[in-house]
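Please keep the model open while reading.

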Amino acid sequence: MKKWNIVFYRFFPVQLTLLHLRHYPLLLLIWVMLFAMVGGNFARSFGAHTLFLDPEYLGQVSFYGFLILGVTTGTFMMSWNITTFILHSKRFRFLATTTQPFFKYCLNNAFIPVLFYAYTIWKMVAYQRYEELADWPTIGFFIEGYTLGILLVVFISFFYFFNADRTILKSLQRRMGGPRKILAQVLKKEEYRDEEALPVKYYFNSPLKIRRARDVSHYDPLFLASIFREHHFAAVLSILFAFVLMIMLSYLISLPVFRIPAGSSILLFLTVLMGILGAFSYFFGSWALPIAAGLLLLVNLLIKLDVIDTRSKAYGLDYRYRSLRPAYQLRTFDSLFTPQRAQQDANLTLQILNRWYHRQATEKPPLVIMNVSGGGSRAATWAMEVLLHADSLSKGQLMKHTVFITGASGGMLGAAYFRELYLRARTSHSVNLYDHQYVDNIARDLLNAILSYYAVNDYFSFFQFFTIDSNRYAKDRGYAFEQQLNLNTGGVLEKSLADYEKPESDGLIPLLLITATITADGRCLLISPQHMSYLCYPRMPAGIDSLHRVIDAIDFMTYFAAQHPQKLLFTNALRMSATFPYILPNVYLPTRPIIDVMDAGLRDNYGQEMSLRFLYVFRDWVNTHTSRVIFLQIRDNPRDTLSPVAQQKDLRDMLLEPLFTVQKNWDHFQDYYQNDMISYARHFLTVPFEHIVFQYIPQSHQQSAPLNWHLTTREKQDIHQALYNKSNQAALRQLMRALNE
């Protein structure tokens, strides 16, 4: 038994695995991250696992998407072999005496790649069968494409290195004077001991054959080093090829045919990253970490000095004239958002309300205030499902009676899309407003485009720009998000704020207020083609308004008057509201000093704060001209839920719970606060106030659609089926009754 233990310990694959763990755990960490992403244990809420289990190419999941994913998986596997081969070659010099040493190395280093392949196939089968409801022939076809892609790269790589072996031999013959002198060098009896050599006794010579490692102590070390040096050069060329390929893709990614699946982009990025980490370790040794830290500090300095500008900007705003940028300070707020300006803006909105009123069929129509929640594609799809279904059942009365729409993130995408279709239906007979295809459009994947740019393009975005009125904007993942959204929705949202000013003013469509959170202090940015400075602070009783007001919101049209705010692209405003941390880049605005904004959900994920403020400002008009207020909430999660409470808490809970309590309960905090605010609305309104809630409740808590920009077939079906649960059917009946009374 002891003998077999020694044999096992000195087996080359075992020694390689131990070597990876001992010397280069950072490279293994990349593998751990990949396993975790595929298994759904890392970044699952962002949908990272779907990128590898359901690759999308040219707008659909197909054999070609799996083939490309296989090619990039194979490329990453070969990068792992090449990088570690370069780093570890001094420790297994016996391979230099074998034919095709790189092939032998890959064969013995195949444990992790083969395990990853098997694990990915297992997860692919489960995902396609359960989440995408695919049949077995389709699953087999997809796996065939994935496997073929890997094998294609492996065969090309080995063909390249087999040819390199012959080239290396010829090169050495020329340097050393031909085969006889090489043989003399090999046979030279010379004391040589490599202290770093692995205690390898056996290795895989072929997939099914184990061979004893040859003693190389009598070989000239210069000869062995020459062989490995030539292999290193061939290996470095292959890593450089991957790097050049990534740069090429960053410039061609705007063309759909070159927009490879996001999982492939991530694998290609990790391929280059692994090569860079290996190069640093190889060339700089123990100095690798200090030099890497120094380079990061240099890049940070260049960004700080604006030499490298990777910041995402608001498309359409003018950034050219720094002297015209508004100061971000309290004095500026107080001078801009005065009670007098608020009254002027309120008077303009009153004119819009009157035009809406004159379009109604009854003397006192019901008035609908609509609030949609954030939540990625889940919220966008749910909002579209509810709006299409409810407006259809009411024969168009829902949108006809809606005056004001606001909310956050994904829900605003769905509401904005439906409002645009409603506008087209009112001005053209070519739009079938209740075609379910529109729900399918908003449910289409956005994550693939975002992460493809993230992995391939964002690190080169400061070289790629597009212009609007002489202003340059970087092509980053935010740009990809907007382009993909326009592609998914047929380009109907490809407008500016100015394009919606007249339809809103004429009362043809509801006012739509898009909000975002200013990261500097949590103030709310109010984006609308109308001036809405009356929402910039809570209203106080007459006489104390100017003394006690706290400005907690910034009216976009007023504050950026010198930067042509009406030219802001509408999709960019939607993107500001939907900027989930890290997935989309924060948008930087032309202020002094520069501020940036992110997801509206950080301040108000349900939109009810500004809706209630709007109602309070126009309470007198509402009480006089309407029969009731329907305060409609469309939310992508159940309200008033109790999270499971652990029966016992361990050390991990004690350490982490204080850090994540606020994040975990953020939605609950907003619900409690806004429910309290809603109770006050019943006091300042004399007309009936009905709070109607549509909520996405999954059929199973474990099967809830995640908060990201990708939905599976099963998740789309689950969202649609949520319309027919008891609570939403009751809400629908309440809405129909309120609209018709």
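A cavity here is a set of points, on a 1 Å grid over the protein atoms alone, where a 1.4 Å probe fits but cannot get out. By that definition, the structure holds 5 cavities of 30 Å³ or more. This is a predicted model, in which local features need pLDDT of at least 70 and side-chain atom pairs count only at pLDDT 80 or more, while totals for chains, interfaces and linings use all residues. Residues are numbered from 1 along each chain as its sequence is written, and side-chain values use heavy atoms, with hydrogens and water left out.

**Largest cavity**

- The largest cavity contains about 60 Å³ of space, a volume being the space filled by probe spheres set on grid points joined across faces, edges and corners.
- Its lining residues (those with an atom within 4 Å of a point) include Thr406, Thr515, Cys524, Arg603, Asp604 and Glu609.
- At least two lining residues each come from β7 (402-407), β10 (511-518), α25 (601-604) and α26 (608-617); helices (H or I, at least four residues) and strands (E, at least two) are DSSP runs numbered from the N terminus.
- The largest share of this lining, 3 residues, is supplied by β10.
- By class, the lining has 4 nonpolar, 5 polar and 3 charged residues; Ala, Val, Leu, Ile, Met, Phe, Trp, Tyr, Cys and Pro count as nonpolar, Asp, Glu, Lys and Arg as charged, and the others, Gly among them, as polar.

**Helix pair α3 and α5**

- The axes of α3 (residues 25-38) and α5 (residues 63-88) come within 11 Å and cross at roughly 165°; axes are lines fitted to C-alpha atoms over the stretch in contact, and angles run from 0 to 180 degrees between N-to-C directions.
- That angle makes α3 roughly antiparallel to α5 (over 145 degrees).
- In α3, Leu27, Leu28, Ile30, Trp31 and Leu34 meet Phe76, Met77, Trp80, Thr83, Thr84 and Leu87 of α5, contact meaning heavy atoms within 4.5 Å.
- The residues of this contact comprise 9 nonpolar, 2 polar and no charged.

**Helix pair α17 and α24**

- Helix α17 (residues 409-427) packs on helix α24 (residues 570-577) at an angle of about 155°, with the axes 8 Å apart.
- The two helices, α17 and α24, are therefore roughly antiparallel to each other.
- Ser409, Met412, Leu413, Ala416 and Arg419 of α17 meet Phe570, Leu574 and Ser577 of α24.
- That contact of α17 with α24 involves 5 nonpolar, 2 polar and 1 charged residues.

**Backbone geometry**

- Most residues other than glycine have a negative phi, and most peptide bonds are trans.
- Leu133, not a glycine, has a positive phi of about 55° and sits in the loop between α7 (111-130) and α8 (136-176).
- Arg592 and Pro593 are joined by a cis peptide bond with omega about -10°.
- Pro593 lies in the loop between β13 (587-589) and β14 (595-598).

Definitions and conventions
Angles under 35 degrees count as roughly parallel, over 145 as roughly antiparallel, 65 to 115 as roughly perpendicular and the rest as oblique. On a 1 Å grid over the protein atoms alone, a cavity is a set of points where a 1.4 Å probe fits but cannot get out, and a pocket is an open set with protein on both sides within 12 Å along at least five of seven lines; lining residues have an atom within 4 Å of a point.
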